[in-house]
Amino acid sequence: MSAAVKRGHRDDLADVAPAAKKARDPETAEQRVLEIIKCSGNKGVSDEDLIRACPVLTIEERVDVVNKLITSNAITLHKVKDTLRYKYKGPTASTPGDANTEELVVFNLIRDSGRKGIWIRDVRIKSNLGLPRLKKILKSLETKKAIKAVKSVAAARKIVYMLFDLEPDSSITGGAWYSNQEFESEFIEILTKQSYKFLEAKKSKALKNTSIRSPLVKYNTSYATADRVLEFISKTGVSKVRLTVEDMISILDLLVYDGLAAKRINSEGKIEYRSTKTLLSRNAVSFLPCGSCPVIKRCSDANQLNCLNCKHMKIWTTI
Amino acid sequence: MSADYCRICTSILRDYFGQDVSEIAKPLQWGQKSLITLSTMLDGKYPRHLVQETLIVLLQFNFVSAICNVHSVQIEYKLNMENILMILRYPKYLSIIKRKFGNQYEELVETLLCLGRASLSKIVSECIKSQNKPDDLYNNYWEKATELIRNEYFKRTPTYVVWTEVKQNKLFTPPTKNQKDEKKMLFTLNYNKFHQDMRNKIIIDAVVRTFDDTIVGEVMSTILNQCADSNAPVSNPISLQLIRSNLSVGHNYLLEYITMIEEDPTKFLCKSYGTMCNITVNFKQIINCLNDSIMDQVVSYKFGESSARLFRATRSNKLLELERLQQTALIPDRETKTLTSELFMNNYLQVQELRKPNTRLGRNDGKSFYLYHLNERQLHQELTEEILKMIGNCMMWKFKTCEDNKRLLKNKARFDGMVQGLQDKQEADNDFFEEAMDNLFSPSERILLDSINRLLRKCQLNIMRLDVCLFLFHSYKRYNETIR
Ligand code: SF4
């Protein structure tokens, strides 16, 4: 928006301001330009590209069309390496009817940020507004139910703004593992425990099954895909939120990272999981106090701290 | 050699040969030396003839080797620390032989362990003498000893005189009984063979644990027995027929068992498809898996489950940013930070910094990526050191306990000797010993003796357990070095 303002020959600020929806008759030139810009996707179209694409338009006509599109918020202007490019913006959300220029600037910034939201600091920098003024504007927009503030999981006090009717992105809410911006470790723990239980049960059932003689079949049936585990989890009703298969996969991967499960890709190309034990039985290091000693590097016979006057070793050797 | 390594060597020598030998060998830890240098260094403490004697004893056991440099006039002596560390495994070797062959074989191995190196006739006669067996068993033992040679548990070794060598093809040929120069053919233990057995045992246990099926263990052990002795990362191809003919159980499903082991994510075996079905064992892969397993256990014991999760996640993803790490391990943000920094400070995780290039204005917006990763080689090195230290600590306690209760233990040893003597002559019964014990030792002393014994056993047991870790680390190092 501010870019359009700078390009003085295009439009006056006064014309931009009442950007309420004007009923426009579908002009072919406008549609065509919009189409071209739409097709260009994220790269955008420069003025020269437009001239090349529809040479029939005169300069005035083109400027007119582009300006109309900008005011109707169908396209935006971007500055890429000293040239201006038009980009398609997608279906436009309605702006609050009685917004003034400043509010509109802020509103557009927020709308542009989409589901990811925008941080107040970024709004301030981009809009060039003072903080008190900006706060006021945000408040007024909020009361109009045009935007909302969402707490981000990335940082405790970071608040991002986005359009009122948007569902926050999972990078803001953190996905299924967050509720009210709180990380739900317990929930994850319960899920991993349940999944492990399921895998264990599946394995022992497969091993105990006497009707199958073939060890390979037994082995293969001890594997379970994420879908199966998800089915089981949904049935138990541990989860109040709806989990996706991806969520389940990350839970099952946790089991792999905990060394409780192994995963492989089966013949159909799907990932399967199976509960396993560690390859070695109990670790030798865990039998001695030194195994978990934080100062083992400094423990030496020449030191004050040595194994003979170490408290833990003394306890260990008292039988 | 690191300080911990030297410390253990000294301790082991002290444990087996006494204080003097360990003191005399100490200077050799820091490099090979000639006799003259050595005796000058020990001047005033030990007379020269004692140093000489010590060297001869150590040479006999191959703990010291004599090196004749082309350019130097003198013979220099080098301490073979690796061989000294093998002493820790002696009990293991004995139990391997006992399990595989039986008691008499174990006695033979034990005798050879005590002798260091000896001719076959000497081993056999010493064995009979030490076990108080009648002389007519000589032939019996001789046969058993030759069997051990044929099974490659004993190997020919040169005398410790420099410039002698045994031909490769003669390494495992047993001498005939009345051979003229039989006395000159010396034998010693073939550590490699024992280590192979140890390795196979660990692998079989791991397979059984993974599949919860003992027959898989049988299959695996049959396959491993067919592997040629080599340190190659992948074994020689073994034909299915060969395995089948050597397998005692599970014939019907042999192929299925093999497929099972092959398809498991651990990937212990490889199968070639074709006219001949050949199987190869991925030794390197196995050893790496086992080592990873140790690492994980160590991390989880030292730092807790969550850290172990982070550690493993980092390993499987190679390079990870903190945020990604948090998302993968699903641990709260702050906790992830604390735990990773703890791991980082203890060198379990490494950080690689990726700087963003400076912006056009010459400003750097101060953000770099920090990627977490592991440095397995360094970790192994450090853990080896730690384990050596732990073994050393156990040994120190062993010494201390023995030292503190010297008098009591001496009395007990004397008493035991007496009991042994009487028992051999079968002159007294158990009641008599009980009474004698009561008279000689007060009740508190008996309790003390009991607890000392328990402590010594506990130390020994833990030393052996730790030694298994050392063994695996060592194999890991070997497999990962032969590749480069
Ligand atoms: S002896 Fe004590 S101080 Fe030394 S490493 Fe062991 S626990 Fe730590």
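Select B:Ile243 first: this residue is buried, with a relative accessible area of 0%, where buried means under 20% relative accessible area, exposed over 50% and partly exposed in between (1.4 Å probe, protein chains only). The model on display is predicted: local features need pLDDT of at least 70, side-chain atom pairs count only at pLDDT 80 or more, and totals for chains, interfaces and linings use all residues. Residues are numbered from 1 along each chain as its sequence is written, chains are lettered from A and ligands numbered from 1 in the order in which they are written, and side-chain values use heavy atoms, with hydrogens and water left out.

**Around B:Ile243**

B:Ile243 lies in helix H12 (residues 240-246) of chain B; helices (H or I, at least four residues) and strands (E, at least two) are DSSP runs, numbered from the N terminus. Next, display the residues in contact with B:Ile243, contact meaning heavy atoms within 4.5 Å. Leaving aside neighbours within four places in sequence, these are B:Thr222, B:Ile223, B:Ile238, B:Leu254, B:Ile258 and B:Ile279. Then select B:Met220, which is 23 residues from B:Ile243 along the chain; the two C-alpha atoms are separated by 9.6 Å.

**Helix H7 of chain B**

Move to residues 103-115 of chain B, which form helix H7. H7(B) has 13 residues and reaches 18 Å from its first C-alpha to its last, close to the 18 Å expected at 1.5 Å a residue; the expected span is 1.5 Å times one less than the number of residues. Which residues of H7(B) are buried? They are B:Tyr105, B:Glu106, B:Glu107, B:Leu108, B:Val109, B:Thr111, B:Leu112, B:Leu113 and B:Leu115. Select B:Gly116 as well: this residue follows H7(B) and has a positive phi, near 85 degrees.

**Strands of chain B**

Select strand S3 (residues 75-79) of chain B together with strand S1 (residues 33-34) of chain B; they pair in the antiparallel sense over 2 bridges. Two strands pair if DSSP finds at least two bridges between them. B:Ser34 has B:Glu76 in S3(B) as its bridge partner.

**The ligand**

Where does the ligand lie? It lies between chains A and B. Show the residues around the ligand, each with a heavy atom within 4 Å of it: A:Cys290, A:Cys293, A:Ile296, A:Cys299, A:Leu305, A:Cys307, A:Cys310, A:Met313 and B:Asn393. This shell divides into 8 nonpolar, 1 polar and no charged residues. Ala, Val, Leu, Ile, Met, Phe, Trp, Tyr, Cys and Pro count as nonpolar, Asp, Glu, Lys and Arg as charged, and the others, Gly among them, as polar.

**A sheet in chain A**

In chain A, 3 strands form an open sheet with antiparallel pairing, in the order S9-S11-S10. Strand S9 (224-225) and strand S10 (261-265) of chain A are the edge strands, each pairing on one side only. S9(A) and strand S11 (residues 271-275) of chain A pair over 2 bridges, and A:Ala224 has A:Tyr273 in S11(A) as its bridge partner.

**The whole chains**

Chain A has 14 helices and 11 strands, and buried residues make up 43% of its 319 residues. Chain B has 21 helices and 12 strands, and buried residues make up 48% of its 484 residues. The C-alpha trace of chain B spans about 90 × 65 × 65 Å along its principal axes.
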